[in-house]
Amino acid sequence: MDIEAHERTVRSRIAEATDADALRAIEREYLEKGGVVADLLASIPTLPPTERKAAGQGANALKRAVTEALESRRAALDGAQLEAELAAPDFDPTIPARPLDAGSLHPITQAARRLEEIFSSMGYHVLDGPEVELDHYNFEALNIPKDHPARDMQDTFFVSASGDRSDTSGALVMRTHTSPVQVRAMERLEPPFRAIAPGRVFRQETTDATHEHTFHQMEGLVVGDGISVAHLIGTMKTFLREVFERDLDVRLRPGYFPFVEPGFELDARCPFCESGCRVCKQSRWIELCPCGLVHPNVLRAGGIDPERYSGFAFGLGLSRLVMLRYGLDDIRHLMGADVRFLEQF
Ligand SMILES: [Zn+2]
C-alpha cells in the first residue's frame, strides 16, 4: 500500500471513530512500536538508495497526518461530550458547590494583628525576636544577673546548644518573656523610637486553668527625650480605648520587675460590669500588665545613654487579653489545638 492510500484509509477511520477507545486503538496501530509508521521506517534500508529519501519523507508525513487527525477528532469528541452533558436534564450547573472548610485565624493571631494595627497607627515599629534566646538578652541585659533572685520568678526551659543533655551551662534558654526584644530593639534603632514585639514565650509551669507552658505576650518599648510615666499612662489609655471601644480608667500599683524603675502593675477598669462581676472577681479592676520606666542598666545594655534618654516599657499578656475578650476560663484552650474550640472564632 502506498503512503497516500494509507493516509486516506486512516483519515476515514479516524473520522468515523465515535469514542476515545477507538482513537486510541488507531493510535497504537499506526504510531506506536511495531505500528504502520514504524514498519515503513524500518523497511527503508531494504529499498534501492534512490527511493529511500522519498520513503522516509512519506513515512514522516503519514505520522504527522495521523497525529493531527487524531488530535482534532479527540477535541471534537470532547466538545460534543461536554455539550451532551450540559444538555442532559440531570446536570444542573446552578447547584451551589459544597462548602469548603476554609479555617480561620487563631484568636491570638487576630488579637496580635489588631494590636499591631493600633500601635502601628501610633508610630510603633512591629518587631520580632528569637524564641530560643541567649541568656544575655533574656536575663543579663534586663538587669537580672546570674545570682539574682528574680530568676526564680520565671521557671525557665534551658536549651543545650550542643544537644548534650548534661550541658547545663544555660547559655541558651526558651525566652521566658518578650522583654529580650527590648534590648535587641535598642541595639538596632536610634532613639527616639517606639516598638512593639508580639510573640510566644515559654515557662516551665505545671499547667492548669491559669498556667500554660507556652503563651503569648506583647512587649512595648518607647525611648526618647524626657519619656515619663505620664506618657506610659496616656499610651495605655489610648490603646484600651481602641481595644474596648470606650474610655477605661487605669490605675498604677507599685510592682517589682528588675528591668524597670519605678515598676508598676497597671490595672484597668473592668469593661464588663458596673458593680463587680466574675471576670474582675468583684473588684471592678482588671490586672492588665506589668510596666514601668526602663531601668538605666537596661538602657545601658542596649547601648543607650540613660543620662540622655529615658523610656517606658510594658509587657501585655496577649493570651490573657484574649481570655478577657472572649470570657475564656481556661488558658489551655488557646494552645490545645481542639478544632471544636477554634471553630468558634
Ligand atoms: Zn467586672
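Reply: A term to begin with: a nonpolar core is a set of buried Ala, Val, Leu, Ile, Met, Phe, Trp, Tyr and Cys residues joined through side-chain atoms within 4.5 Å. Buried here means under 20% relative accessible area. Keep in mind that this is a predicted model.

Me: Fine. How many residues are in the largest nonpolar core, and which have the most contacts inside it?

Reply: The largest nonpolar core has 39 residues. Phe239 and Phe314 have the most contacts inside it.

Me: Which elements give two or more residues to this core?

Reply: On the helix side, they are H5 (107–121), H8 (229–244) and H10 (318–326). The strands are E5 (193–202), E6 (214–224), E8, E9 (285–294) and E10 (310–317).

Me: Which of them gives the most?

Reply: Helix H5 does, with six residues.

Me: Back to Phe239. What is it in contact with, leaving aside neighbours within four places in sequence?

Reply: Phe239 is in contact with Leu115, Ile118, Phe119, Met122, Leu288, Leu316 and Leu321.

Me: Why would such side chains end up together?

Reply: In soluble globular proteins, nonpolar side chains tend to be buried together.

Me: Now the metal. What coordinates the zinc ion?

Reply: Four cysteines, through their SG atoms: Cys270, Cys273, Cys277 and Cys280, at 2.2 to 2.3 Å. Along the chain, the donors follow the spacing C-x2-C-x3-C-x2-C.

Me: What is the arrangement around the zinc ion, and why?

Reply: It is tetrahedral, because the four donor atoms subtend angles of 107 to 115°. The cut-off is that all angles lie between 85 and 135 degrees.

Me: Are Cys273 and Cys280 buried or exposed?

Reply: Cys273 has 13% relative accessibility, so it counts as buried. Cys280 is buried too, with a relative accessible area of 3%.

Me: What does UniProt say about Glu261?

Reply: The unreviewed UniProt entry has a "binding site" annotation that covers Glu261. In the model, Glu261 lies in strand E8, residues 260–269. Not counting residues up to four places away in sequence, Glu261 touches Leu293 and His295.

Me: Changing topic: where is Gln217, and is it buried or exposed?

Reply: Gln217 is in strand E6. Its relative accessibility is 12%, so Gln217 counts as buried.

Me: What does its side chain reach?

Reply: The side chain of Gln217 reaches the backbone nitrogen of Thr178 at 2.9 Å. Beyond four places in sequence, the contacts of Gln217 include His177, Ala197, Pro198, Arg203 and Leu316.

Me: And Arg241, buried or partly exposed?

Reply: Partly exposed, because its relative accessibility is 38%. Arg241 sits in helix H8. Arg241 touches Arg246 and Asp247, not counting residues up to four places away in sequence.

Me: How far is Arg241 from Gly336?

Reply: Arg241 and Gly336 are 95 residues apart in sequence and 30 Å apart in space, C-alpha to C-alpha.

Me: Last one, Glu27. Where is it, and what polar contact does its side chain make?

Reply: Glu27 is in helix H2, residues 20–31. Its side chain makes a polar contact with the side chain of Arg74, at 3.0 Å. Glu27 also touches Glu32 and Leu70.

Methods: Residues are numbered from 1 along each chain as its sequence is written. This is a predicted model: local features need pLDDT of at least 70, side-chain atom pairs count only at pLDDT 80 or more; totals for chains, interfaces and linings use all residues. Side-chain values use heavy atoms; hydrogens and water are left out. Donors are N, O and S atoms within 2.8 Å of the metal (3.2 Å for Na, K and Ca); water is not among the atoms, so sites may look incomplete. Four donors count as tetrahedral if all angles lie between 85 and 135 degrees; four count as square planar and six as octahedral if opposite donors are over 155 degrees apart and all others between 65 and 115; anything else is irregular. Buried means under 20% relative accessible area, exposed over 50%, partly exposed in between (1.4 Å probe, protein chains only). UniProt positions are given in the numbering used here, feature names are shortened, and annotations may be inferred rather than shown by experiment. Helices (H or I, at least four residues) and strands (E, at least two) are DSSP runs, numbered from the N terminus. Contact means heavy atoms within 4.5 Å. A polar contact is a pair of N or O atoms within 3.5 Å; within protein, one must be able to donate a hydrogen and the other to accept it, and residues adjacent in sequence count only if both atoms are side-chain atoms.
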